[in-house]
2 protein chains.
Amino acid sequence: MPSEETTVQSRTAKATIYDVARQAGVNPSTVSRALNNPERVNARTRRFIEATAIELNFQLNHAAQVLQTGSTKTLGLIVSDVTNPTFFGILREAGRVAAQRDYTVVLVNAAESESKELASANRVINAVDGLILTSPRMSDTDIQLLAKTTQVVVINREVNGISCVIPDPDRGVSQAVRLLAGNGHKKVLFVAGPELSWMSARRWDAISAACEWCHLTAERIESAAPTVDGGRRVARAVKASGATAVITHNDLLAIGLMHELQNAGVVIPDALSIIGFDDIFGADFTTPSLTSIRSPLGQSGSLSAGLVLASLSGTVKDPQTLLVDTELVIRGSAGPWKGV
Amino acid sequence: MPSEETTVQSRTAKATIYDVARQAGVNPSTVSRALNNPERVNARTRRFIEATAIELNFQLNHAAQVLQTGSTKTLGLIVSDVTNPTFFGILREAGRVAAQRDYTVVLVNAAESESKELASANRVINAVDGLILTSPRMSDTDIQLLAKTTQVVVINREVNGISCVIPDPDRGVSQAVRLLAGNGHKKVLFVAGPELSWMSARRWDAISAACEWCHLTAERIESAAPTVDGGRRVARAVKASGATAVITHNDLLAIGLMHELQNAGVVIPDALSIIGFDDIFGADFTTPSLTSIRSPLGQSGSLSAGLVLASLSGTVKDPQTLLVDTELVIRGSAGPWKGV
DNA sequence: ATGAAAGCGCTAACAG
DNA sequence: CTGTTAGCGCTTTCAT
């Protein structure tokens, strides 16, 4: 037998603006104003409303607000695999930028497969105002389809008609190749990433161009998977290639490769120089620590969040492509070749 | 001058169930049923509704659905710092379990500070049905307050009146200490985590108990921060302690410590054995690779998601405390002491 | 500066 | 099996 006359709240029922309004003796709309446009309401009544609101432990009902305003104030960040630590900086900086405009960034794990990635995107798509896709594996068409429904920005890949933030490998690669050339290397081997990876192709282009410029030979081999284990599995082929320097599609590959080679008695960097891509968390856990071509992840994160927000607010209309610069982080895994 | 009579949709306006209903010549509620309880509607009409729905590119309005049903079908995972890779497995497994019940898990980064952690929690709290807090830094009271509003489960910490999933360090620690004793060590040093860390205290308890049992001396020193850098900074003190074996509060500390010591010419594990906690991603990047006491993160994730879901569905009523077992992962960083 | 009233898109009784 | 109706909690004109 619920009694409705007193001020006492049932401990489970959440207070609504109606409750606050009644308790404060004002109209619900005034409560709403006091909360959203504090300046448009008399200071005294506002203060009183605020007080009763916290007294009743009132929290705005998010869903109702979203239904009415059409905006969730939330951005979704989708990463194809959280096991790749690459996205740390992206999440942090995207979150920072978003918070400035009162937005929240949530990360959703798209697990391994391409299909789950799309599924995840579709799951959250109507709970967010915009989507940031990092190194997505789904098809261009899928991405363009998503973009019909929400604002989307893609990181680490170029998609027609979609805003993208992509690292330009040229600078970092040219630094790397010059370092290698200066150290007397003649032939550099690229361990490629997934066959369809847009970034892998881009990186290989940059490497072969830089090698040509420096009069080095560039060769390329495929990897089974862009993981530590994939790196291990490619070790034999690397050794057999006769190259004295290797650049891998990412740091995970480099780490696996380095370990496997070290187990086989190959001294890094004396017998073989190794350079990775991304400068991931953990790149400096190895011995020697890994020399790597770093993409400014934080910057990618803040730029992409900024881009989504700008599209949302209408500041920016057409798709933009933003390039960010890469740079070589020199550590111990690359050096002069000192024979076998 | 908008015309409402034709079937053509404005390309920006999203279709509602009303549009679908009108187009399909049925009532909105029938559309709703067809979508949510397919079996409660005539197969033919259902098929027709589905067809028109995809034809109109219809997507359920999440906010409206949430407002009506009171359930977001979303769980929030809050981690105090995404820079700590510990949560990989938690997110993945929690997501898997949640997906089985048609829930989505989103991760929100609580950045560095305790205050931001609480702020993040409050931000998402009304956009989710439940919250999983991993190694939260906020006060017990704050957590209990959150639990008044939402279902919450805490991982890696015990909080009065709240459901918790906590790793019991005893098993892993006893394996570690026995390994150390078997290798001739006499004194083990514990490098503690943050002063207020519940887990750190728990781990120290387990270590001193195990050492006593094995007739080893246990000593403890503090660290500045539970990070790689914190590990580096504690290296001098570790060396000065005269201990031949060290267990650190987490792997990050162990890695920093190991590197700094190696730089100073200390051979691991010959001159000093090092054992970490957590077996994080990257623990095997080091040389020697890190021996570590692993908490079953994936299991913690799936259990906590299960717990939240169970509370949500009313299957479980009272707060539960679930223990998960730890185990020693033996790699190269701990071994027999071979003198200085 | 505040009140009254309508409606966002959906679901869930209740009828029929 | 399907239609009618009411309402979730909030914002937002429009009045006053």
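**Note on the DNA-facing surface, the chain interface and a sheet of chain A**

1. DNA strand C has 26 residues around it, with A:Asn27, B:Thr16, B:Ser29, B:Ser32 and B:Asn61 the closest (a residue is near a strand if its C-beta atom, placed from the backbone, lies within 6 Å of it). The model is predicted: local features need pLDDT of at least 70, side-chain atom pairs count only at pLDDT 80 or more, and totals for chains, interfaces and linings use all residues. Residues are numbered from 1 along each chain as its sequence is written, while chains are lettered from A and ligands numbered from 1 in the order in which they are written.

2. At least two residues of the surface near DNA strand C come from each of α2 (28-36) and α4 of chain A and α1 (17-24), α2 (28-36) and α4 (62-69) of chain B. Helices (H or I, at least four residues) and strands (E, at least two) are DSSP runs, numbered from the N terminus.

3. Between the chains, 33 residues of chain A are in contact with 33 residues of chain B (C-beta atoms, placed from the backbone, within 7 Å). On the chain A side, α4 (62-69), α5 (88-100), β2 (104-109) and α6 (114-124) give two or more residues.

4. Chain A holds an open sheet of 6 strands, ordered β7-β6-β8-β9-β10-β12, with mixed pairing (strands pair if DSSP finds at least two bridges between them). β7 (217-221) and β12 (327-329) of chain A are at the edges with a single partner strand each, so one side of each has no neighbour in the sheet.

5. Strands β8 (residues 245-248) and β9 (residues 273-277) of chain A run parallel, joined by 3 bridges. A:Ile247 stands opposite A:Ile275 in β9(A).

How values were computed:
Two residues are in contact if their C-beta atoms, placed from the backbone, lie within 7 Å.
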